Amino acid sequence: MNQKPLSIFSIPVLVAALGYFVDVYDLLLFTIVREPSLKGIGLDLSDKASILAASTKIINWQMVGLLIGGLLWGTLGDKKGRLSVLFGSIALYSVANFVTGYVQTVDQYAWLRFVAGVGLAGELGAGVTLVSELLPKEKRGVGTSLVAGIGLFGAVFAYFVYQLTDDWRLCYKIGGILGIGLLLLRISVAESGMFKEVKEKKVSRGDFTMFFSNKDRFKKYMLAILIGLPTWYVIGILVNLSNRFAGEFFGSISIDSGRAIMFAYVGIATGDIVIGLVSQYFKSRKKALLTFYIMTILGLIYFFSPLNTSDSTMYAVCGYLGFSTGFWAIFVTMGAEQFGTNLRATAATTIPNMVRGALPLINLMFLDLFQKTYGWNLSTSGMVTGAIVMSITLLAFYHTEETFHKDLNYIEE
């Protein structure tokens, strides 16, 4: 079945982009409304230990949901189709986020973030897979970059929605309503022709164990995960704790971590669009990725340097680091391009969620090992953690194959 190649401005690309927009809005909303929402369910903000425990529980449950959802939706994407995942995932997280607007306890909050996490896990992988299979290979990098770039502005939108409404419960309800609205728009999107062809063949589809049953496939899968680690190190540690770093660097107590996240996501969204164009210019995913890795390393040096001495420089470097780690689209696209049609949705959906799921491990090293066990301060722990993350990433990058010109119409045996 030969499906006519689509334009990068076609309805499937637009729908995938808007879907990821709502996905990111919901995914980052807790980080933005964390303190007012915990206060709203009865916690005392002056009790730092209780706030930290509640925040950690809610975030961890969401991350567990993302890991489970990545496996669930990825498998379904290859067994039932890319559109089934797009519909199912957004329906689940839309309902979960709307109901979150009514939570009264930390346990309720954590459970609903878990359910939302399961739903949120399916959006990007299914969207990137669908767009990659519908667009010609010369345009798929730009198409998936547009999906991620437009989508990541959802975090910026979430920040301004809260600033305008000053009502965290309403913010969650708005996220739910936006998702339901997208379901109506997705009715007009067609299924991937490649998937339709594979569906008619007697071949194993969506079998997660296939990543581990073959040495070369396992290597490609692990490398695809490791090249994405810097984004969540930057967001999960440096930007999320920018207020604490500012306090240690130059004694500031006025940094708003929610605002820092907003600046970072403006950078990430812009970077994700730019890297698609850079990839197109070089005709290479790897050259574009290496360019952004180098920019990230320069940003990390500046972040921990004596030049980072004020609120304005902290916000600026958070924005810059966001831009330099704006390779989420290319990283997920490369993951999708590494595998055949019968495993592509499983790969593209589980890989980014494995990276998100690596954040607790990075935090374990940063907080429990370096600070609690070794007694290092915040900046030393952050620098060493960053050096380790970037070293692992660059090693994985070196061994990752180029996929720019790869024909995706094949299956994994």
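These legends describe close-up views of a predicted model. Local features need pLDDT of at least 70, side-chain atom pairs count only at pLDDT 80 or more, and totals for chains, interfaces and linings use all residues. Residues are numbered from 1 along each chain as its sequence is written, and side-chain values use heavy atoms, with hydrogens and water left out.

**View 1. The largest pocket.** The largest pocket holds about 1,300 Å³ of space. Rolling a probe the size of a water molecule over the atoms shows where empty space is left. Here a pocket is an open set of points on a 1 Å grid over the protein atoms alone, where a 1.4 Å probe fits, with protein on both sides within 12 Å along at least five of seven lines. The volume is the space filled by probe spheres set on the points, which are joined across faces, edges and corners.

**View 2. The lining of the largest pocket.** The lining has 41 residues. Lining residues have an atom within 4 Å of a point. Arg34, Leu52, Ser55, Asn240 and Leu241 lie nearest the pocket's centre. Elements that give two or more residues include α1 (11-40), α2 (48-79) and α6 (140-165). Helix α2 gives the largest share, nine residues. Helices are DSSP runs (H or I, at least four residues), numbered from the N terminus. By type, the lining divides into 22 nonpolar, 12 polar and seven charged residues. Ala, Val, Leu, Ile, Met, Phe, Trp, Tyr, Cys and Pro count as nonpolar, Asp, Glu, Lys and Arg as charged, and the others, Gly among them, as polar.

**View 3. A nonpolar surface patch.** Leu290, Ile294, Ile297, Leu298, Ile301, Tyr320 and Leu394 make a patch of about 570 Å². Helix α13 (residues 285-303) gives the most, with five residues. Leu298 lies in this helix. Patch residues have over 30% relative accessible area and no salt bridge, and nonpolar side chains (Val, Leu, Ile, Met, Phe, Trp, Tyr) are joined within 5 Å. Areas come from the Shrake-Rupley method with a 1.4 Å probe, and for residues only the protein chains shown count as cover.

**View 4. Lys57 and Asp107.** Side chains of opposite charge can pair when their charged atoms come close. The whole structure has four salt bridges (a side-chain nitrogen of Lys or Arg within 4 Å of a carboxyl oxygen of Asp or Glu). One of them joins Lys57 and Asp107, at 2.3 Å from N to O. This pair links distant parts of the chain: Lys57 is in helix α2 and Asp107 in helix α4 (residues 106-120), 50 residues apart. Lys57 is partly exposed, at 28% relative accessibility. Asp107 is partly exposed too, at 42%. Buried means under 20% relative accessible area, exposed over 50%, and partly exposed in between (1.4 Å probe, protein chains only).

**View 5. Glu337 and Arg285.** In this salt bridge the closest N and O atoms are 2.8 Å apart. Glu337 sits in helix α15 (residues 328-337) and Arg285 in helix α13, 52 residues apart. Glu337 is buried, at 0% relative accessible area. Arg285 is buried, also at 0%.

**View 6. Asp368 and Lys372.** Their side chains meet in a salt bridge, 3.7 Å from N to O. Both residues lie in helix α17, four residues apart, about one turn of the helix. Asp368 is partly exposed at 30%, and Lys372 is exposed at 59%.

**View 7. Gly151.** Gly151 belongs to helix α6. Its relative accessibility is 0%, so Gly151 counts as buried.

Conventions:
Patches are made of residues with over 30% relative accessible area and no salt bridge: like charges are joined within 9 Å, nonpolar side chains (Val, Leu, Ile, Met, Phe, Trp, Tyr) within 5 Å.
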